[in-house]
Amino acid sequence: MHLSRFPRVHLAHLSTPLEPMKRLSKELGVDLWIKRDDCTGMSTGGNKTRKLEFLMAEALEQGADMVMTQGATQTNHGRQTAAFAAKLGLKCHILLEDRTGYQDGNYNTNGNVLLDHLHGATTEKFPGGHDMPAEMERAAETMRAKGHKVYVIPGGGSNSTGALGYVNCAFELVSQANDAGMKIDRVVHATGSSGTQAGLVTGMCAMNAQIPVLGIGTRAPQEKQEQMVFDLACKTAEKLGCPGVVSREDVMANTDYVGEGYGLPTESGIEAIRMFAELEGILLDPCYSAKGAAGLIDLARKGAFDGERIVFLHTGGAAALGGYDFAFDNTNRWVSL
């Protein structure tokens, strides 16, 4: 499959490492590996870098001088979009939706929000429950009336163009496994706006890799999450010229680890953050990667992966930790010497 047919700006640090997690494997009794997509580059990295290589190339091809996107207050996607815009000399405007109701100062001004502004992006805030795609179109029309050529990127960069980044990731991962003589039994990752999982599933199916992809949901109920992923996977396959390669049975999501809602930390997610940090030196974020890891840990403890080699795809997001400091009780870690 020839992805070079599609416009792309090559800014990501690829291939990302594929590494064993020896201490976590010993702790859980499962052969666990990690695909380090927190190391993709562009403002601390993360899964959106792969998507934005294709999305921003399309923006440049269309002559845009401004990109616009939307997400939650601590959106990783917004931060990485702002970084790409800075690198490519484009203006960037981000619409932020309050999906948590948190009034904490750090949550609203630190973490990704701080980095958005450091990269030169402008932001505006909306209460939760807004029709954000509609708000974005209205904002885009306002900017167009001022003379800007605006390229609109959906939340999470999740459309068939963005999903190409994770088709490419599927190729990359299978190539790494082949070169190492390594059999992968399953890929597990956090799934939200659906572009990462849709791209991975499409790529795996197009190669007939026979590696199932399990998305651990961070927001939507299972039926809705799986349908979003399947619909986007079908559109991505059509874009690639292989319609019908993905079947409904290829899309699997487990949404038992969402907790009280999107962006709201969970006890199991905080435990996952501590385990990855203390056993592997790897940072997760409370919104996405920690919930994906919480699902991985719980399912491993329940014996769901017995005898399997699991690759956890790290979607990044550690930049958001500074906005979630209230979720961690570190008082018992201070000592006097």
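Student: Why is helix H7 called roughly perpendicular to helix H9?

Tutor: In this predicted model, H7 (residues 160-180) and H9 (residues 222-240) pack at an angle of about 85°, their axes 9 Å apart. Angles of 65 to 115 degrees count as roughly perpendicular, so H7 is roughly perpendicular to H9. Residues are numbered from 1 along each chain, and local features need pLDDT of at least 70, side-chain atom pairs 80 or more, while totals for chains, interfaces and linings use all residues. Side-chain values use heavy atoms, without hydrogens and water.

Student: Which residues make the contact between H7 and H9?

Tutor: Contact means heavy atoms within 4.5 Å. Ser160, Thr161, Ala163, Leu164 and Val167 of H7 meet Leu232, Lys235, Thr236, Lys239 and Leu240 of H9.

Student: How is the chain divided into domains?

Tutor: Domain 1 comprises 18-45 + 159-329, and domain 2 comprises 47-153; such bounds come from an automatic or database domain assignment.

Student: What area do domain 1 and domain 2 bury between them?

Tutor: They bury about 2600 Å², 55% of it on carbon and sulfur atoms. Buried area is the accessible area (1.4 Å probe) lost by two parts on being put together, summed over both. Met42, Ser43 and Tyr262 supply 21% of the area that domain 1 buries against domain 2, more than any other three residues.

Note on methods. Axes fitted to C-alpha atoms, helices over the stretch in contact; angles between N-to-C directions. Helix = DSSP H or I, 4+ residues; strand = E, 2+ residues; numbered from the N terminus. Parallel < 35°, antiparallel > 145°, perpendicular 65-115°, else oblique.
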